[in-house]
Amino acid sequence: MWQDAAAIDTVLYTMTADLNTLLQQRQIQNPLMIGIHTGGVWIAQRLHTQLGLTQPLGYLDISFYRDDFTRVGIHPQVRPSSLPIGIDNRHVIVVDDVLATGRTIRAALNVLFDYGRPASVLLAILAERSGRELPIAPDVVGLRSALHRDIHLKLVGPTPLQLLCVHP
């Protein structure tokens with residue numbers, strides 16, 4: 001285990017404070033928060049509550065938008081996307097658990113823009129690791145780690161949330 005439940009709780013409180021500061025600096029009120037299935041939804045649920053956001057939480061499934069869709073097999077685990085309100089001209093916070101290559105976030109942005117054109121998109125990530133392949137940069141990061149390419153981070157949960165180092 002890389003981070004246990006208590007450590008994740010501490011990180012989430014820090015991320016909440018960082019998001020509050022960023023929202024105040026950019027004068028953004030009442031943003032729409034959207035979690036990427038599955039781990040991003042778990043993180044978004046916690047941040048949404050801690051921030052006291054009033055807009056309903058949205059969920060994105062990016063399965064069919066991934067550029068490696070054909071590599072994951074013909075039976076990907078697909079979950080529904082749900083954006084409870086329109087995103088046109090709204091400030092949006094996209095939340096995910098781990099940022100590695102940047103390909104998941106690229107896919108999430110493609111899905112998001114199929115729903116409309118937001119005023120701005122902020123990216124909040126629980127854990128950022130080395131190995132970026134695309135120029136994607138988060139606005140709020142809970143943890144940073146430089147890991148060997150063969151080691152992956154995996155969030156397990158939702159209760160308790162734990163972050164594992166996985167060796168294939």
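Reader: What makes the contact between the side chains of Arg-26 and Asp-139 a salt bridge?

Author: In this predicted model, the N to O distance between the two side chains is 3.7 Å. The cut-off is within 4 Å, for a side-chain nitrogen of Lys or Arg and a carboxyl oxygen of Asp or Glu. The Arg-26 and Asp-139 pair therefore counts as a salt bridge.

Reader: Why say that this pair ties together parts of the chain?

Author: Arg-26 sits in the loop between helix H1 (5-25) and strand S1 (32-36). Asp-139 sits in the loop between strand S4 (120-129) and strand S5 (140-145). These parts are 113 residues apart in sequence, so the pair ties them together.

Reader: Why is Arg-26 called partly exposed?

Author: Its relative accessibility is 45%. Buried needs under 20% and exposed needs over 50%. Arg-26 falls in between, so the term is partly exposed. Asp-139 has a relative accessible area of 33%, and is partly exposed by that rule.

Reader: How many salt bridges does the structure hold?

Author: It holds 6. Among them is the one between Arg-132 and Glu-128, at 2.4 Å from N to O.

Reader: Are Arg-132 and Glu-128 buried, partly exposed or exposed?

Author: Arg-132 has 28% relative accessibility. That lies between the 20% and 50% limits, so Arg-132 is partly exposed. Glu-128 has a relative accessible area of 13%. That is under 20%, so Glu-128 is buried.

Reader: Where does Arg-132 lie, and what does it touch beyond its sequence neighbours?

Author: Arg-132 is in the loop between S4 and S5. Leaving out residues up to four places away in sequence, Arg-132 touches Leu-99, Ala-100, Thr-101 and Gly-102. Leu-99 and Arg-132 are 33 residues apart in sequence, with 8.1 Å between their C-alpha atoms.

Reader: How do you know that Glu-133 forms a salt bridge with Arg-149?

Author: Their closest N and O atoms are 3.2 Å apart. The limit is 4 Å, so the pair qualifies. It links distant parts of the chain, 16 residues apart. Glu-133 is in the loop between S4 and S5, and Arg-149 is in the loop between S5 and strand S6 (152-156).

Reader: Which residues are linked with Glu-133 in a network of salt bridges?

Author: Arg-103 and Arg-149 are linked with Glu-133 in that network.

Reader: Why does Gln-3 count as buried?

Author: Its relative accessibility is 17%. Buried means under 20%, so Gln-3 counts as buried. Gln-3 lies in the segment before H1. Leaving aside neighbours within four places in sequence, Gln-3 is in contact with Ile-8, Leu-143, Gln-162 and Leu-163.

Technical notes:
Residues numbered from 1 in each chain as written. Predicted model: local features only at pLDDT ≥ 70, side-chain atom pairs only at ≥ 80, totals over all residues. Heavy atoms only, no water. Helix = DSSP H or I, 4+ residues; strand = E, 2+ residues; numbered from the N terminus. Buried < 20%, exposed > 50% of the residue type's maximum accessible area, 1.4 Å probe, protein only. Contact = heavy atoms within 4.5 Å.
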